[in-house]
Amino acid sequence: MIEEEIWMKTIGIIGGMGPEAAMDLAKKILNHTPAKRDQEHIPVLIYNNTAIPDRTEYLLGGGEDPTEELIHTAKVLEGAGAELLLLSCNTAHAFYEKVQAGVRVPILNMIDWTAKRAKETGGEYMLLATQGSYKIGLYERAFQREGVSLVLPEEKIRQRLMHWIYDGVKAGKVANVLPEVEKFLDKIKGFVPVLACTELPLLFDALPFSVSVLDPTDIVAEVAVKKAMV
């Protein structure tokens, strides 16, 4: 029996921020793909460019500008055949316009799609993000455009978030920070956490209980699958 050939757009993931977050995004693309055989899956290219400077360090005024490496990574993926690009880092969307201007293929904006989903689903949302993201109001502006309210945690919690991300997930020591995360979640019952750092889903997946969240990684993966299969 001759199988009908399936044509789909190739997705490119701008990774390396951190590398495990890019793998998580790829896995979620896989999970959202309605495939029954290998040939029905979407082609995905991942460039884990670990030379991309830290986005938050730059936004806080103490690091190297990551724009050049982000554009380079996007161009490599475009040259390799990617027809649709994703940034596997929420904070990297601070440079979205410049990166998009550097390539011809579209880059899905994770922040905008998450705000749209928040409007559709409704709820009381609390933003869990990096200090860089908080500083420039990435999610605040997007949610405001959609008319969705967004609660920000106090400064002490923002600092602890950076500890969970950098000393927990990035350092490969998630278990060390889980008890503190569990206590925090107990205090914010009633709010839906917006996991506005692509490493936070990795942390939440390690919890011994399930939590209702708004996961931008999962949202943009779902949107990417739909657009790649058009």
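You are looking at a predicted model, where local features need pLDDT of at least 70, side-chain atom pairs count only at pLDDT 80 or more, and totals for chains, interfaces and linings use all residues. Residues are numbered from 1 along each chain as its sequence is written, and side-chain values use heavy atoms, with hydrogens and water left out.

**Stop 1: Asp54**

Asp54 sits in the loop between E2 and helix H2 (55-59). Helices (H or I, at least four residues) and strands (E, at least two) are DSSP runs, numbered from the N terminus. The side chain of Asp54 also reaches the backbone nitrogen of Thr56, at 3.0 Å. Both are polar contacts: a pair of N or O atoms within 3.5 Å, where, within protein, one must be able to donate a hydrogen and the other to accept it, and residues adjacent in sequence count only if both atoms are side-chain atoms.

Is Asp54 buried or exposed? With a relative accessible area of 17%, Asp54 is buried, because buried means under 20% relative accessible area, while exposed means over 50% and partly exposed lies in between (1.4 Å probe, protein chains only).

Now show Glu64 and Tyr166: Asp54 touches both, leaving aside residues up to four places away in sequence. Touching, or contact, means heavy atoms within 4.5 Å.

**Stop 2**

Next, select E1 to E4. These 4 strands form an open sheet in the order E2-E1-E3-E4, with parallel pairing. Strand E2 (44-48) and strand E4 (107-108) are at the edges with a single partner strand each, so one side of each has no neighbour in the sheet. Two strands count as paired if DSSP finds at least two bridges between them.

Zoom in on strand E1 (11-15). E1 and E2 pair in the parallel sense over 5 bridges, and Gly12 has Leu45 in E2 as its bridge partner. Towards strand E3 (residues 84-87), E1 is joined by 4 bridges, again parallel; here Ile13 stands opposite Leu86.

Why is E1 largely enclosed by the rest of the structure? Because 5 of the 5 residues of E1 are buried. In a regular strand the side chains alternate between the two faces of the sheet. In E1, Ile11, Ile13 and Gly15 are buried on one side, and Gly12 and Ile14 are buried on the other.

Follow the chain onward to Gly18, in the loop between E1 and helix H1 (19-32). A cis peptide bond joins Met17 and Gly18, with omega at about -15°. H1 itself lies across E1, E2 and E3, and runs at about 170° to E2.

**Stop 2: Asn109 and helix H5**

Select Asn109, in the loop between E4 and H5. Asn109 counts as buried, at 12% relative accessibility. A polar atom of the Asn109 side chain lies 3.1 Å from the backbone nitrogen of Asp112. Not counting residues up to four places away in sequence, Asn109 touches His93 and Tyr96.

Now colour helix H5 (residues 110-121) and H11: their axes come within 9 Å and cross at roughly 100°. Axes are lines fitted to C-alpha atoms, for helices over the stretch in contact, and angles run from 0 to 180 degrees between N-to-C directions. H5 and H11 are therefore roughly perpendicular to each other. Among the residues that meet are Met110 and Trp113 in H5, and Ile219 and Val223 in H11.

**Stop 3: Asp215**

Asp215 is in the loop between helix H10 (200-205) and helix H11 (216-228). Asp215 is buried, with a relative accessible area of 13%. Show the side chain of Lys28 as well: a polar contact of 2.6 Å joins it to the side chain of Asp215. Leaving out residues up to four places away in sequence, Asp215 touches Lys28 and Pro201.

**Last stop: the sheet of three strands**

Finish with the open sheet of 3 strands, in the order E6-E5-E7 with parallel pairing. Strand E6 (150-151) and strand E7 (192-196) are the edge strands, each pairing on one side only. Strand E5 (residues 125-129) pairs with E6 in the parallel sense over 2 bridges, and Tyr125 stands opposite Leu150 in E6.

Terms used
Parallel < 35°, antiparallel > 145°, perpendicular 65-115°, else oblique.
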